[in-house]
Amino acid sequence: MSKVSPFAPAHPPVLPPVDGVRLAACEAGIRYAGRTDLLLALFEPSTAVAGVFTTSKTASAAVEWCREHLSHGMARALVVNSGNANAFTGMRGREAVTETVRAASRIADCLEADVYVASTGVIGEPLDPSKFVGFLAGLGERAQADSYEMAARAIMTTDTFPKLATRTCEIGGVTVTLNGIAKGAGMIAPDMATMLSFLFTDAPVEPAALQAVLSPLVEDSFNAITIDSDTSTSDTVLLFATGAAEKRGCPRIALGDDARLDGFRAALFDLMRDLAQQIVKDGEGLTKFAEVRVKGAESKAAARTIAKAICNSPLVKTALAGEDPNWGRIVMAVGKAGEAADRDKLAIWFGDIEVAKDGEVASGYTEADGAAYMKRSEIAITVDVGVGTGTDTMWTCDLTKEYIAINADYRS
């Protein structure tokens with residue numbers, strides 16, 4: 001494993017139990033020795049589920065299974081393995097999913113359609129379920145309500161720290177809890193989704209309403225990050241709602257536009273954005289975390305395209321790594337994005353430092369100011385392209401020699 005991210009928390013946050021959720025993880029030896037690599041989550045009956053998945057045309061067998069069964073809307077178990085993506089594995093991949101689902105359904109005493117699966121790791125190598133399905137029964141017996149850190153560690157690949165977050169909100173005057181875990185450090189680019197993330201709540205929200213809340217929130221959270229412009233075959237976001245808060249008087253919500261979900265929607269978005277930014281802050285080999293805000297575009301969609309061009313530019317990212325305030329590379333990225341931009345109105349800021357104005361270097365800017373700013377670990381870049389009112393924000397990291405080393409040795 002590479003050195004720990006400079007943004008890793010000193011201590012992972014402790015997540016409270018979510019009534020109706022139990023988790024357990026173990027080392028199954030799927031690819032690496034000495035690493036926890038298998039997660040089982042069990043849910044109480046009547047747990048609703050919503051999800052969003054990768055748009056990759058080479059999606060994994062696990063993603064295909066989840067897509068096919070999401071309309072069922074109910075969940076009793078989740079099985080996640082790391083070390084092998086079970087992608088581009090043909091019929092054997094589908095058979096591995098079937099065998100995993102069958103074993104988990106016996107443990108949870110549920111329909112196979114109630115079981116969700118996810119895999120992450122190396123693409124193109126067959127996943128042998130006989131290596132790990134035998135561990136599931138023991139995980140079922142040991143599953144606990146407070147095992148979130150263990151669960152987050154079990155889904156890591158090149159991640160250097162587990163990613164966890166928690167929020168609370170009120171629905172109808174009753175407090176509900178939202179917990180989330182995520183993994184991702186490489187092969188990260190926004191195209192929904194861009195990693196694995198599993199979200200848990202005790203809110204009593206029906207499946208259709210849950211999906212209606214989740215889907216739009218992805219755009220400005222998990223879809224607003226990029227580490228290396230590569231969209232994974234395995235990307236999955238699943239939200240499980242046990243409904244257990246109904247026992248405490250929380251109203252059951254059936255419609256996504258119910259005003260009583262406003263606080264829940266805000267808390268869920270904050271949770272998702274937190275996890276998304278944690279993924280970027282664990283980008284392979286990173287030393288810098290960067291927020292890129294584009295304004296003055298023709299539309300939000302146009303601003304997103306421009307922001308993505310800046311965030312994904314190897315020249316911009318290597319300038320960040322080298323602490324070089326080379327704003328000309330940002331101008332280049334804006335120009336190649338293909339969206340409308342007025343060259344003679346273009347303006348750029350590094351934090352509060354005005355770097356360029358009206359299509360040329362700002363009169364008060366000095367290279368010394370820019371260089372000093374670039375030494376920060378967290379960098380904010382704002383660009384005004386001068387043609388409209390569209391705005392958008394994305395998050396990225398720098399591109400270092402360590403990123404190359406990690407990926408050059410990935411299967412070694």
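**Notes on the cores, sheets and ring pairs**

1. Let's start with the largest nonpolar core: among its 76 residues, Leu199, Phe264, Leu268, Ile310, Phe350 and Val383 touch the most other members. A nonpolar core here is a set of buried Ala, Val, Leu, Ile, Met, Phe, Trp, Tyr and Cys residues joined through side-chain atoms within 4.5 Å. Buried means under 20% relative accessible area, while exposed means over 50% and partly exposed is in between (1.4 Å probe, protein chains only). The biggest giver to this core is helix α6 (residues 262-280), with 9 residues. Helices (H or I, at least four residues) and strands (E, at least two) are DSSP runs, numbered from the N terminus.

2. Before going on, a word on what you are looking at. This is a predicted model, in which local features need pLDDT of at least 70 and side-chain atom pairs count only at pLDDT 80 or more, while totals for chains, interfaces and linings use all residues. Residues are numbered from 1 along each chain as its sequence is written, and side-chain values use heavy atoms, with hydrogens and water left out.

3. What does Phe350 contact, leaving aside its neighbours within four places in sequence? The partners are Pro325, Trp327, Ile330, Val355, Tyr365, Gly370, Tyr373, Met374, Ala380 and Ile381, where contact means heavy atoms within 4.5 Å. There is also a second, separate core of 57 residues, and Ala24, Val101, Leu136 and Ala152 are among them.

4. Next, the sheet. Six strands make an open sheet of mixed pairing, in the order β12-β11-β10-β13-β9-β14; two strands pair if DSSP finds at least two bridges between them. The edges are β12 (360-361) and β14 (390-397), each with a single partner strand, so one side of each has no neighbour in the sheet. Helix α8 (residues 314-321) packs on this sheet and touches β9 (289-297), β13 (378-384) and β14. The direction of α8 makes about 60° with that of β14 (axes are lines fitted to C-alpha atoms, for helices over the stretch in contact, and angles run from 0 to 180 degrees between N-to-C directions).

5. Is strand β6 (residues 174-183) largely enclosed or largely open? Of its 10 residues, 9 are buried, so β6 is largely enclosed by the rest of the structure. Strand β5 (residues 163-171) pairs with β6 in the antiparallel sense over 9 bridges. The two form a hairpin with 2 residues between them, and Gly172 in the turn has a positive phi of about 60°. β6 also runs antiparallel to β7, joined by 6 bridges, with Lys183 opposite Leu196 in β7.

6. Ile171 lies in strand β5, and its bridge partner in β6 is Val174. Ile171 is buried, with a relative accessible area of 0%. Not counting residues up to four places away in sequence, Ile171 touches Val176, Ala203, Cys250, Pro251, Ile253, Arg260, Leu261 and Phe264.

7. Now the aromatic rings: the whole structure has 7 aromatic pairs. Rings of Phe, Tyr and Trp (its six-membered ring) pair if their centres lie within 6.5 Å; planes under 30 degrees apart count as stacked, over 60 as edge-to-face and the rest as tilted. The Phe43 and Phe200 rings have centres 6.1 Å apart and planes at 35°, so this pair is tilted. The pair links distant parts of the chain, 157 residues apart, with Phe43 in strand β2 (residues 38-53) and Phe200 in strand β7 (residues 196-201). Phe43 is buried at 2% relative accessible area, and Phe200 is buried at 1%. Ring pairs link Phe43, Tyr116, Tyr148, Phe200 and Phe240 into a cluster.

8. Finally, helix α1 (residues 61-69). Which residues of α1 are buried? They are Ala61, Ala62, Val63, Trp65, Cys66 and His69, and they pack against β2, α2 (90-108), β4 (115-122) and β8 (236-241).
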